[in-house]
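Let's walk through this protein together, one step at a time. Have the model open beside you as you read.

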Amino acid sequence: MSASLAAPRPRAARCIMVWGCTSGAGKSWLTTALCRWYARQGLTVRPFKAQNMSNNARVADGGEIGAAQYFQALACAAVPDVRMNPLLLKPEADTRSQVVLLGRADAALSALPWRERGPRVWPALAGALDALRAECDLVLIEGAGSPAEINLMDTDLVNLRTAEHADARALLVADIDRGGAFAHLWGTWSLLPPAQRARLRGFVLNRFRGDAALLAPGPQQLERLTGVPTVGVIPMVRGHGLPDEDGWSIEAAAPQPLAGSGQTAQ
């Protein structure tokens with residue numbers, strides 16, 4: 001068959017990435033919501049997270065993946081499969097994790113030091129993302145922790161390298177209920193390399209409660225400093241039924257009453 005008669009190669013899906021200022025900022029929640037919203041617009045959507053560190057896993061097509069990507073797939077009306085979370089790290093101790101690559105435990109990778117794993121696993125991670133992009137309209141990519149961890153930036157696969165490989169446009173979410181959200185957003189933006197900073201299209205304030213008028217002039221001042229608008233304010237939502245990625249939740253972390261004392265534990 002001549003080149004002129006060859007079937008055109010499918011265009012790779014566009015990618016939106018959700019970064020967070022911290023772990024627990026709401027990346028999984030926001031990514032799940034966006035998966036459902038875009039799917040309801042008639043797009044074929046797939047979730048992706050290059051690397052998860054969690055013991056909260058689910059069985060998908062091909063093996064284990066993080067629970068967050070399992071439920072994100074369901075939100076997209078897609079069948080969960082291992083390409084959506086190709087690397088899963090299951091902590092066994094403070095300094096040791098079992099490495100699950102494409103759904104299967106890998107003893108050799110588990111034995112490697114952290115910084116030596118990246119070159120070994122990146123081809124599988126990139127290949128999984130490329131395969132998903134070839135079969136859908138949009139991939140919603142979840143980051144991990146923060147993209148501005150300067151001690152890990154040279155080996156960061158899940159945030160910066162994935163964003164670059166996908167040429168993704170990014171949102172950055174902060175948990176305003178913890179306090180310090182504007183500082184978290186500005187600090188993360190300022191520590192990002194310029195090329196990655198240019199990917200940011202919007203800031204998101206998550207878990208807001210109270211009088212929305214009190215936010216001003218914070219978003220306006222932040223946009224003047226960074227050029228990035230605050231595009232969303234998400235209210236505090238409890239009882240949504242989605243498991244937290246690492247089994248942590250606001251409710252679980254809150255002080256609990258001491259039995260029979262009427263006081264809270266500090």
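Helices (H or I, at least four residues) and strands (E, at least two) are DSSP runs, numbered from the N terminus. What you see is a predicted model, in which local features need pLDDT of at least 70 and side-chain atom pairs count only at pLDDT 80 or more, while totals for chains, interfaces and linings use all residues. Residues are numbered from 1 along each chain as its sequence is written, and side-chain values use heavy atoms, with hydrogens and water left out.

Find helix α4 (residues 114-133) and helix α5 (residues 157-166): their axes come within 11 Å and cross at roughly 50°. That makes α4 oblique to α5; the scheme is that angles under 35 degrees count as roughly parallel, over 145 as roughly antiparallel, 65 to 115 as roughly perpendicular and the rest as oblique. The crossing is right-handed, a word used if the near helix is turned clockwise from the far one by less than a right angle, with anticlockwise giving left-handed. Residues in contact (heavy atoms within 4.5 Å) include W122 and L125 of α4 and R161 and H165 of α5.

Now turn to helix α1 (residues 27-40) and helix α2 (residues 67-75), whose axes come within 8 Å and cross at roughly 20°. The two are therefore roughly parallel to each other. Here too, the crossing is right-handed. Among the residues making this contact are T32 and C35 of α1, together with F71 and L74 of α2.

Next, look for G103 in the loop between β7 (96-101) and β8 (104-105). Is G103 buried or exposed? G103 is buried, with a relative accessible area of 7%; buried means under 20% relative accessible area, exposed over 50%, and partly exposed in between (1.4 Å probe, protein chains only). Not counting residues up to four places away in sequence, G103 touches G62, G63, E64 and V82. D61 is 42 residues from G103 in sequence, yet their C-alpha atoms are 8.5 Å apart in space.

Finally, how many disulfides does the structure hold? There are zero, a disulfide being a pair of cysteine sulfur atoms within 2.5 Å. For C15, the nearest cysteine sulfur is that of C136, 7.6 Å away. C15 is buried at 5% relative accessible area, and C136 is buried at 9%.

Note on methods: Axes are lines fitted to C-alpha atoms, for helices over the stretch in contact, and angles run from 0 to 180 degrees between N-to-C directions.
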